[in-house]
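Q: I'm new to reading protein models. Could you walk me through one?

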Amino acid sequence: MIAFWRSSVGKKNIVAVTGAILIGYLILHMLGNLNSAFGPGADEARVDWYAHWLRDFGEPLLPHAFVLWAVRVILLSALVIHITGIVQLTKRNRAARPANFPAKRIGRSFESMAMLGTGVLVLAFIIFHILQFTTLSIHVTPVEEGAVYSNLYYAFQKWYFLVIYVAALLLIGMHLRHGVWSLFQTLGFDNPNRNPKLRHGSTVFVLVLIVGFGAIPVLFFTDVLDPPNAAAVITSSIGAVGSLTGGVA
Amino acid sequence: MNFTLEIWRQFDGTDETEAGRFETFKVTDINPDASFLEMLDQLNERLSHEKKRTIAFDSDCREGICGACSLVIDGTPHGPQQVTSCQTYMRDFIDGQTIKVEPYRANTFPVIRDLAVDRGALDRVIQAGGYISTTTGPQPEPNSMPVSPEIQEKAMDAAICIGCGACVAACPNGAAMLFTGAKVTHLNLLPQGQPERESRVIGMVEQMDAEGFGGCTNYGECSRVCPQEISIDVIGMLNREYRKAKTKKKSKPEKAMTTQ
């Protein structure tokens, strides 16, 4: 495995596999998010129930939130390996060409050239996203542990959060439009007959991701989804809610 | 036709650390049907009459099959037509145009002089496995060792690589993956290549890394300049062969037999 990592082709394989793991998670994440579309519900929002279910998953066989943490550990390791591999490969690639003579662009796609840029921006977004909705450290809008629906609702009443999330989706889309196809090529799962299908397939996949993820913030912002039930709001942080109670009522 | 040429000059034999520079030449009265190399020949004849140092560039067969010519014309390896430099004709350019002529730009291809670069790195990649060690003898009875037309087509599409190195020069990463992929695809698909299938791909990839070539990021620029129009599918094949060879090495011998 170490020898595999040392060779450039092996390292690219590993980068592709870790990328695939992250993409797999994105699909699950998107499906999970869509639970928000069921609205605030009669007593508990479906997405809140889903969030609790994720934590209870496997109990009593497994400890509380075990699966959740296992997934988090896998994702973090995949991300770290993915980035380390890319940094090392990029250094290698830069060293292979004289610094002042970049190759003329003939036909490479914009997405493929922007992979590093979109990658860094997406990483920054992931950190922001975790701070906002996982650790609940961003107190611009009221956030409360466990009240997923209400957290989302208030966050996406703000136009700038909507803009950040939609922009991030477009960046992820750009990264994956080259990344998904590239992954098959790097793992050698391509063949001449399949290649155009893989190219178009990755475009379609990216569009599905953008629509699937983007629908939720847009539905909240346009008030298609109802505000959370009052009961959930009362317990949330008092100071921040003060200014919003008009909207809640 | 008349042209202004900006030609890269480097290493006149006095200073080995010289960085190189562009020098401007005017050429006049060029036949539109002259090839790019013939145009350079005319310029060199003039330079030698003027007792000036001629421009060094590589060429051999001048019919597009040997892969010796290696000019970067206006930033594109082999010029605008996706053929070798020797098959690029002056009629492909506009009369009075300024044309920039450079050597291949890759740290693995050090400049020998002017437009000639040392492509020995590609030869060493071939030495690391791009061959078959066994004498296969006379042509066998066809039915005893069938090769399907699909496999044969694929192998021959890769085998037409002339090893000119334009793929390396076009690649933003200076990677030799298209070249190596073509050689591996060619040999690993055919019966003669089977005994050394794994050692070939491992050896060639390791040599490629040792030479300092970059890696593939699937830009596809190599394929767009390849005079033989080799598709980047050969890179997929190279990746696949390498992964299979590496994972097979780990498995137990008897398991390796069954996966064959």
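This is a predicted model: local features need pLDDT of at least 70, side-chain atom pairs count only at pLDDT 80 or more; totals for chains, interfaces and linings use all residues.

A: Residues are numbered from 1 along each chain as its sequence is written, while chains are lettered from A and ligands numbered from 1 in the order in which they are written.

Q: How many helices and strands does chain B have?
A: Helices (H or I, at least four residues) and strands (E, at least two) are DSSP runs, numbered from the N terminus. Chain B has 9 helices and 7 strands. Its C-alpha trace spans about 70 × 40 × 35 Å along the principal axes.

Q: Which domains is chain B divided into?
A: Domain bounds come from an automatic or database domain assignment. Here you get domain 1 (3–113) and domain 2 (120–259). Taken over C-alpha atoms, the centres of these two domains of chain B are 31 Å apart.

Q: How many residues of domain 1 of chain B are in contact with domain 2 of chain B?
A: Two residues are in contact if their C-beta atoms, placed from the backbone, lie within 7 Å. By that rule, 18 residues of domain 1 of chain B meet 15 residues of domain 2 of chain B.

Q: What about the core? Which residues touch the most other members of the largest one?
A: Nonpolar side chains tend to be buried together in soluble globular proteins. A nonpolar core is a set of buried Ala, Val, Leu, Ile, Met, Phe, Trp, Tyr and Cys residues joined through C-beta atoms within 7 Å; buried means 20 or more other C-beta atoms within 10 Å of the residue's own, with C-beta atoms placed from the backbone. The largest core has 66 residues, and B:Cys167, B:Val168, B:Ala176, B:Leu178 and B:Val234 touch the most other members. Helix H5 (residues 177–189) of chain B gives the most to this core, 6 residues. Both domain 1 (3–113) and domain 2 (120–259) of chain B give residues to this core, so it lies between them.

Q: Which residues is B:Cys167 in contact with?
A: Skip its neighbours within four places in sequence, and B:Cys167 has contacts including B:Ala176, B:Phe179 and B:Cys222.

Q: And how many residues of chain B are in contact with chain A?
A: 37 residues of chain B are in contact with 32 residues of chain A. On the chain B side, H8(B) gives the largest share, 9 residues.

Key. A residue is buried if 20 or more other C-beta atoms lie within 10 Å of its own, exposed if 12 or fewer, and partly exposed in between; C-beta atoms are placed from the backbone.
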